[in-house]
Amino acid sequence: MSRKQPIFILSLISYIFLQGCDVSSGGGGDTQEPDPVVADFPVAYIERPIPRDEDGLFVPDNLLELTQFNPGARLYLKDRASVPADAILITDVAFGAEEAPADGGEASAPMYDVKGLTVDPDGTKLLFSMRAPEIEGLDEDEQPTWNIWEYDLETEILRRLIESNTIAEEGQDIMPAYLADGRIVFSTNRQRRSRAVLLDENKPQFSALTEDDEETEAFSLHVMEDSGTEIKQITFNQSHDLYPTLLNDGRIMFLRWDNYTGDKDRLSLYTANPNGSNVSLEYGFHSQTTGTNESEGVFAKPRELIDNRIQVNLRPRSSEKLGGGMVAIDTLNFTESNIAVPGSGATGSAQQSIIDADITTDGSVSPAGYYSSAYPIDDGSERLLMSWAPCQLRGYRLGIFIDDALQLINDAGEFVNTDGDTTETPVTITEEEVGSFPCTDSALSLPNIQSALPLYGLWIFDPLTQTQSPVVLAQQETIYTDALVLQPIPLPDFIPDPVPGQDFEQELADENVGILHIRSVYDIDGMDVSPNGINATADPLQTPEAERPARFIRLVKAVSQADDDVVDFDNSAFGRVSWMSDILGYIPIEPDGSAMFKVPADVAFTFSILDANGRRVTTDGSGDLGPRHEYWMTLRAGEVRECSGCHTSDDTETPHGRVGAEPPSINLGALSDAPFPNTRLRDEFGTPHTDPQVGESMAQYYARVNGARTPSVNILDYSDWTEDGTTRPIVATTDLSYSDLRSEAPTDCAVNWNSLCRIVINYIPHIQPVWEVSRQTFDDSEPPVLISDYTCTNCHSTADADGMTIIPAGNRQLNLSAAQSEERNDYLVSYAHLLFGNRVLELDANGNLRLELEQLVVDGVPQFQMIQLVIEDIAQFEAIDQNGNTVPAPLDTIDPNLTLVLDENGNPVPYLVQEMQQVVDDEGNPVFDINGDPVLEPIPIMVETGNRNGALLSPAGALASDEFFDVFAPGGSHDGYLNGAELKLIAEWMDIGGQYYNNQFDAP
């Protein structure tokens, strides 16, 4: 017999039980004597109705719709894992059943919801999330929230952990789990610490939204005492952290949604210590499509098995089958499905199906059915308690199915009558007559066969024999899931929370900072991308300071978005991008590429590598230092984290950030207890410090003798390192300070930095004034005589100092004035010209096509040049695709008459699909050809002429905006017009995206 056959046989058994057993009590019946083949231990599970909306339509299960309310769920407890054992309902008492009606009918049960069931290590307490019944007449935001509840089997007491109604309703609390010390970890949108940080930033207190623009509050992990007190936030992702579970080594594993700027969208397994420190990617960032046929496979409901593998429900994030496959992942030896931890010796795939059967996870019909949950039985048998739905098809009765037109067919696809006899005339039944019946191999091959809604029951599955026995029988319109075993298990290791002054310096707690150590920014996935090799780059005799490409790190903070009820602003406030960013500060990079510096605690941050001018850099060759690090990191107060280096791109599967799995660092540090080659670290008096210790990076050495570097809002690099045998004063070799700005600085921390310092750049108050600052110079005469005037708006505007109309200077006719743009009326004309270019593509009031904005002054008024353009053959236009190849002109229509293509230079070429008109003679009479047909000609189109005026600044960054910055470089046409602080301000603004606003509360 095939190993896959028992699954099908059991589906028939399930069907027989389903038709013959009354399971209205949740699988009840008289308790019998223990059966030696039946597990003799208590089990708990959730019974819930098939999810349907108010119109009765089926609602798929979306893992990211975290607060969805499906009333009618119940929590049951059986004293034995067998069908006849009594099932006790333990949650109705929380809300009470309604009184029986006067006519003697049954009282209706309270319509609440339950999910996220778990058990304590002693096997005596159940923990879960429950939401009270809906209150009629209240809006959604006034309805009850999800709360954490506990049931004690010994005392038979059911209680809500947070007693205060006010505190309980502050957030949606879901997915609880016990920690080793009895505390509770759970996922919630409370964001307690994040709200406090936002309040410290002088922003109204609100729950930050996820990064998918769906107005969804982000859920993060919190811990609390079992009394419901001492609620503390421990993770600070900008999207959701879900399904926390305690591992045997004391760490918390959870599912993190990485969705930076909305284009990452990964759901991966992470781990953290119970206090939220040491958050790191554990598994699966590049294994997102491990479902059937390379479909999405989400690692839902992770739980550690007895053999230390991680069991997950592998399924799409939105499942019409309400489940998927049960997979065990070897996260100890793998970081991706096909990437082993270096030195582990592991081969093959990290992921293995627990069930040796044909299970599909892509939403297609699954011959072996679907699984919703599984729980390991710790009795040495390797068995699991599972929620399983057999393969079911829609039909009339056993062996008679329906097609997509509700016509009766057999498993060969032939039309049959209600008795199963073949017929030439199709027999159609009503939707009310349709039932669910077991699949057959032949029926599954039919193209128009109809899959039934899943019928989830509870089963004990034996992976050794690949067989299973029923515990709770499935029934129509009901799901049994989240089943678990109540038995004691070994207590996981306990990782205590660190204590300030004992486990880390009290000073770090007082400053509310952690410390990050990057061994070398030149370490890209274990490859050395420094210009001369890491040792030569660190040696000033081989690589002078000016030749080191990586000079500074810019720390960037996420700007959490509030919903429209808190602040409502147009998306145009973002400008050319879809996010906002704050800058936390700058840190110099040591000669070997290392950096060790303070970071504000409990804040989602990222960083970029900069050149000496403070611009995000790229390097030629095998590595790329420049792209934004588009993943959020966080540190807790006092936490010290180390990473080897950086990633090349999202495509690399090289482990990054997981201790013990990364490639060895390219930076070996000091090779002996002696100075680094040809360079010394000196104090402010020029005296050399003691020698580094073996293995110390330059940053570690610096931090040991001076303390970790403190960020600054200014870009400063002091001459701490000198060539061996030489001395020089400790002065700034690079000094780009806001104090040199001639306009308002975008920060209040120009002198002393602390964990609350932010650089918040808004275009109107911080960038526009740069164009308007007076740049006049005068001689020493009395009265002074104006020598020059390099004020930006003196030339780049539509009026000179005397108010006379002028054409903005430059071949792009750049207008830097503060007037409101007519073409992009959400912005000042200067922002529109710099970030969007000053081209206009539209039809004017006369139906003429306006293309380009090169202007002439006619009678004191700027006017467009117009010429007549007749397009007779639209096929003459060709487009340039993204690879630079010439392709036929696309016909993507912007409006019914206007189509855009690209010319041979890759520039947009508009044309109208022209209407034809009849030719007339000089007297206005229609002209006909020799056949008597009207002679037609295209209607002329008026098009403006002149240079194409594209954007000078790119949200891709300062180095992508070289056409702008080059004019201010030495020898450029505007050399000296802007000072270093002003160029630094513009560069940092472009590197974070060139937003119009970086504070939503400042935006109109």
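Which residue forms a salt bridge with Asp249? The partner is Arg251, with the closest N and O atoms 2.9 Å apart. A salt bridge is defined here as a side-chain nitrogen of Lys or Arg within 4 Å of a carboxyl oxygen of Asp or Glu. Arg251 is buried at 17% relative accessibility, while Asp249 is partly exposed at 34%. Buried means under 20% relative accessible area, exposed means over 50%, and partly exposed lies in between (1.4 Å probe, protein chains only).

The model is predicted, so local features need pLDDT of at least 70, side-chain atom pairs count only at pLDDT 80 or more, and totals for chains, interfaces and linings use all residues. Residues are numbered from 1 along each chain as its sequence is written, and side-chain values use heavy atoms, with hydrogens and water left out.

The whole structure holds 38 salt bridges. One of them joins Asp497 and Arg183 at 3.2 Å, N to O. Asp497 sits in the loop between β32 (478–485) and α5 (506–511), and Arg183 in the loop between β9 (173–178) and β10 (184–188), so the pair ties together parts 314 residues apart in sequence. Helices (H or I, at least four residues) and strands (E, at least two) are DSSP runs, numbered from the N terminus. Asp497 is partly exposed at 31%. Arg183 is buried at 9%.

A salt bridge also links Arg317 and Asp265 (3.0 Å, N to O). Arg317 lies in the loop between β18 (310–315) and β19 (318–319), and Asp265 in the loop between β14 (252–258) and β15 (266–272), so this pair ties together parts 52 residues apart in sequence. Arg317 is buried at 15%.
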